[in-house]
Amino acid sequence: MPKPWATLGIDLHLEPAGPGLRRGLTDALRDAVRTGRLAPGTRLPSSRSLAADLGIARNTVAEAYADLVAEGWLTARQGSGTRVADRAMTSPTGDGTGFPSAEEDTAFAPAGGRMMLPPAGAPAPPPPRRLASPRVTAAPRTQRPRPAYDLLPGSPDLASFPRTEWLKAARRALLAAPHEALGYGDPRGRAELRAALAVYLSRARGVRADPECIVVCAGFGHGLQLLGRVLRARGAQTAAVESYGLPPHWRQLTAAGLATVPLPFDELGTNPGELTDQSALLLTPAHQFPMGVPLHRDRRPTVVDWARRTGGLVLEDDYDGEFRYDRQPVGALQGLDPDHVVYLGTASKSLAPGLRLAWMVLPPALVEEVTAAKGHVDTCGALDQLTLAQFLTSGAYDRHVRAARLRYRRRRDALVRALATHAPHLHVTGIAAGLHVLLRLPPGTEQSVVQAATWQGLALHGLASFRHASAPVEPTDALVVGYGTPPDHAWAGALEALCRVLP
């Protein structure tokens, strides 16, 4: 039985390439160490864990580790595991491309010819301008009756928030925090968190991240508002979006003055072939929401080529990139071209949305404008930022994500088994990653099933809730079933309630 993707150790994004698996893995690891993506002292995953993650033989990983130990790139000590050796890294050339020259790097050529490196040679951005922050008053919300079971997508199991480990990290962060951390901070966010995010995102998601180009924001929606404001100030008028997605995101772009133009969608995911003169593209390439498929590998270069050719900006929403179960992780699109792709990530799925912590990895040319749009003070709590930085650097975040992956995988497996038993005529898709599945229904039944779920005290959304009004695709009857929210003790009851309302 193959091991699941949720194994012990840290997340490590690698793309072995070359004449053989051993050579490709050895070259990929060596390059990650040489360029600083793996910092000195970093403990690597065990050979068993990395082999399971990459879907290759354990001996191949062990031999690659041994080769790099012999070369001096890694060290291996009994009881301490395999770690990155203390040695100087080789920086990319300052030719403005962000890539090493052929003389510096002839051993490693990842798929597609891209390097997972931070951009080099770019000047540091000037100090951000400090502007007055507008006062915003939130509209009151109407309270609704709480459902017995919540199968809405987009939220994790809040009962599993790592309270003990978070409290430990908060205590360590507070004791170590300088006095100035409690004052008005850099509007880009605390330097400690930006540095920790740069290391983690580079290692785990293949993002080419420079701490100077990271801006911390109060949730994904806040980041999208800032980007919409900057794009409109630059003269942008339209933004391409996916045919299926989150209506609040489309409304935020519209509120910024941008018309949203949906792209076609087919079995390969969103089709970027219809991109023309739009100024931006909002995309979920690693795990399309809510359809659950990754952007096809042949379409990823098409998106980047469009951005380079037209000067457009790709807004990459990596909302649940940590959670994958039956397939290799899809690296961030930003790694292909950090000058034209904004990477947006969040702690809302991996930890809790109530933290209101998210981040943008911006092209260097965009940092000053986004910082000015954010305002003259940081809008995210300094102590929460310092705690998350400590949580990341201590390895607690990796451990929590791995444990959560196992928990959500078990729930997904139970969901698939229940549907196979009680509704074998229905087709389930999008099960390889994320916190939801797509359950396709017979034509004309979606509305009645959602209504029946409401009567049963079951919070459930149909696919129609996520379809753009102008989407160039035929409507499909389906349910978007989230399995992240219910606590473990309520999961069996939630499955029973779901199966009762299915046609």
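Before I start, a word on conventions: because the model is predicted, local features need pLDDT of at least 70 and side-chain atom pairs count only at pLDDT 80 or more, whereas totals for chains, interfaces and linings use all residues. Residues are numbered from 1 along each chain as its sequence is written, and side-chain values use heavy atoms, with hydrogens and water left out.

Let me begin with the sheets, where helices (H or I, at least four residues) and strands (E, at least two) are DSSP runs numbered from the N terminus, and where two strands pair if DSSP finds at least two bridges between them.

A second open sheet, antiparallel in its pairing, has four strands in the order E13-E14-E17-E16. Its edges are strand E13 (427-429) and strand E16 (461-462), each with a single partner strand, so one side of each lacks a neighbour in the sheet. E13 runs antiparallel to strand E14 (residues 436-440), joined by three bridges, and Thr429 has Leu438 in E14 as its bridge partner.

Turning to the helices, the axes of helix H6 (residues 220-233) and helix H7 (residues 247-255) come within 9 Å and cross at roughly 30°. H6 and H7 are therefore roughly parallel to each other, given that angles under 35 degrees count as roughly parallel, over 145 as roughly antiparallel, 65 to 115 as roughly perpendicular and the rest as oblique. In contact terms (heavy atoms within 4.5 Å), Phe220, Gly221, Leu224 and Gln225 of H6 meet His249, Gln252 and Leu253 of H7.

Helix H2 (residues 47-54) and helix H3 (residues 58-71) pack at an angle of about 120°, with their axes 8 Å apart, which makes H2 oblique to H3. Here Ser47, Arg48, Leu50 and Ala51 of H2 contact Arg58, Val61, Ala62 and Tyr65 of H3.

What does a search of the whole structure find in the way of aromatic pairs? The search finds eight, where rings of Phe, Tyr and Trp (its six-membered ring) pair if their centres lie within 6.5 Å, and planes under 30 degrees apart count as stacked, over 60 as edge-to-face and the rest as tilted. In one of them, the rings of Tyr200 and Tyr397 have centres 5.2 Å apart and planes at 85°, so the pair is edge-to-face. This pair links distant parts of the chain, since Tyr200 lies in helix H5 (residues 191-205) and Tyr397 in helix H11 (residues 396-422), 197 residues apart.

I will finish with the backbone. Phe289 and Pro290 are joined by a cis peptide bond with omega about 5°, and Pro290 lies in the loop between strand E9 (280-283) and helix H8 (300-310). Arg356, a residue other than glycine, has a positive phi near 50°, and is found in the loop between strand E11 (341-346) and E12.

How values were computed
Axes fitted to C-alpha atoms, helices over the stretch in contact; angles between N-to-C directions.
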